[in-house]
Amino acid sequence: MESPNLAETPPTMAHKLKRNLTFRSKWAELNGAMGDLGTYIPIVLALTLAKDLNLGTTLIFTGAYNIVTGAIYGVPMPVQPMKSIAAAAISDSGFNIPEIMAAGICTGGVLLVLGATGLMQLVYRLIPLSVVRGIQLAQGLSFAMSAVKYIRKVQDFSKSKSKGNRHWLGLDGLVLALVCACFIIFVNGAGEERNETETDVVVDEERNSKSKRMRRIMASVPSAFIIFTLGVVLAFIRRPAVVKDIEFGPSSIEVVQITRHAWKEGFIKGTIPQLPLSILNSVIAVCKLSSDLFPGKEFSATSVSITVGLMNLVGCWFGAMPCCHGAGGLAGQYKFGGRSGGCVAILGAAKMVLGLVLGTSLVIILHQFPVGLLGVLLLFAGIELAMTCRDMNSKGEVFVMLICTAVSLVGSSAAIGFLSGIVVHLILKLRDFGRDQSCSTISIRATP
């Protein structure tokens, strides 16, 4: 499995970094960098508005994480908010910045220990693929349903609530979102067939050279980047006075003071519900998805768990949002063309520049960004993640996957869905074992 080797000589390490950060296609990688913004922006904006999260600090640290993980892994490894911690903060008036950071530090510490001791790799090997697919399908459908809600309903991110039906017309209207969704489908289609062989491609291209040229032209259109740029332009049009409210310069970075009460509340209300999601979706599902999307670049659960742990053990002390990797972000960036570490590295560089130049003033612009367009980007990220589950061949595997998915969605808990999937998987194995034993006994008795 591929993981950073600290014993490599400097020339070898430099060559590896160059290879990991090299763009496969400039426009495609830039387009792919927009793939997880549908998840990132709403949660960061909600925490900033509801809990006064230091947006400038968060951008600087998450930008640095993007660059480092892109250089280490060589794929568009995403950096996303820890969703359970964010949900606890938004829904609980007493769960503020010290509690949020305590939850992030505790979660990071547990993941670091699990990774360093090798326990995470053991868990990764033991969990059945059908259960992993169930978690991925549940997360993908959850993203897609949230995306549809963003498109159809007006959102109040500070309270994490929908306010009513979105108007058909306007700069954040339903028509605009639908047109952008159709534009992405027209440009990107349903995505690449990852099991398509090179021979199939050559034969197909020889049969239809015009179709080949058309595909190349379509692939060069950065659909997600165009839509995100449109959203920024519309944000300024919706409120031209926003320019006057912008203050240039980074926000101050200070160490967060965490009391004993904050540690307790953060661990109970934040870490405990976040850990199952981080282990399943941020480590195990990410490792499996990376091996599916990028053959030959299968990463160990140990290394992914350690990077998630270190990110939070560093940044949360200074008020940066607790973050992790995420299968949905990886699927979204892949959907829009991200193929290398350079994809997330350029996103990280942009975050750092915005954090240093605009700081917390950026929230004024994000508050005016059309939410319907964020929903469009999130929709395709969720669908791409859900489509990775189509490799379940037997009826038993599909049965376990769907049980896991249904329980995860209805119970809103990946942990409960995971446990349900494991139980069903074991029952089916026990049933098959008992049937095999019975058949063996009958065969022995029938032998003269």
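How many residues of strand β3 (residues 161-165) are buried? I looked this up in the predicted model and found a count of zero among the five residues, so that I noted the strand as hardly covered, buried here meaning under 20% relative accessible area.

I then turned to the partner strand. Strand β2 (residues 153-156) pairs with β3 in the antiparallel sense, over four bridges. Within this pairing I found V154 opposite G164 of β3. Four residues lie between the strands of the hairpin, where S160 adopts a positive phi near 55°.

Next I listed the salt bridges, of which the structure holds eight. One of them joins D92 and K269, with 2.9 Å between the closest N and O atoms. D92 sits in the loop between α5 (83-91) and α6 (97-116), whereas K269 belongs to helix α14 (residues 260-293), so this pair ties together parts 177 residues apart in sequence. I recorded D92 as partly exposed, at 22% relative accessible area, and K269 as partly exposed too, at 36%.

I examined a salt bridge between D391 and R133, at 2.6 Å from N to O. Because D391 lies in the loop between α19 (371-387) and α20 (395-411) and R133 in helix α8 (residues 129-152), the pair ties together parts 258 residues apart in sequence. D391 is partly exposed at 33% relative accessibility, while R133 is buried at 0%.

Last, I checked D292 and K288, whose salt bridge has its closest N and O atoms 3.5 Å apart. Both residues lie in helix α14, four residues apart, about one turn of the helix, and both are buried. I noted that R133, K288, D292 and D391 are linked in a network of salt bridges.

Technical notes. Residues are numbered from 1 along each chain as its sequence is written. This is a predicted model: local features need pLDDT of at least 70, side-chain atom pairs count only at pLDDT 80 or more; totals for chains, interfaces and linings use all residues. Side-chain values use heavy atoms; hydrogens and water are left out. Buried means under 20% relative accessible area, exposed over 50%, partly exposed in between (1.4 Å probe, protein chains only). Helices (H or I, at least four residues) and strands (E, at least two) are DSSP runs, numbered from the N terminus. Two strands pair if DSSP finds at least two bridges between them. A salt bridge is a side-chain nitrogen of Lys or Arg within 4 Å of a carboxyl oxygen of Asp or Glu.
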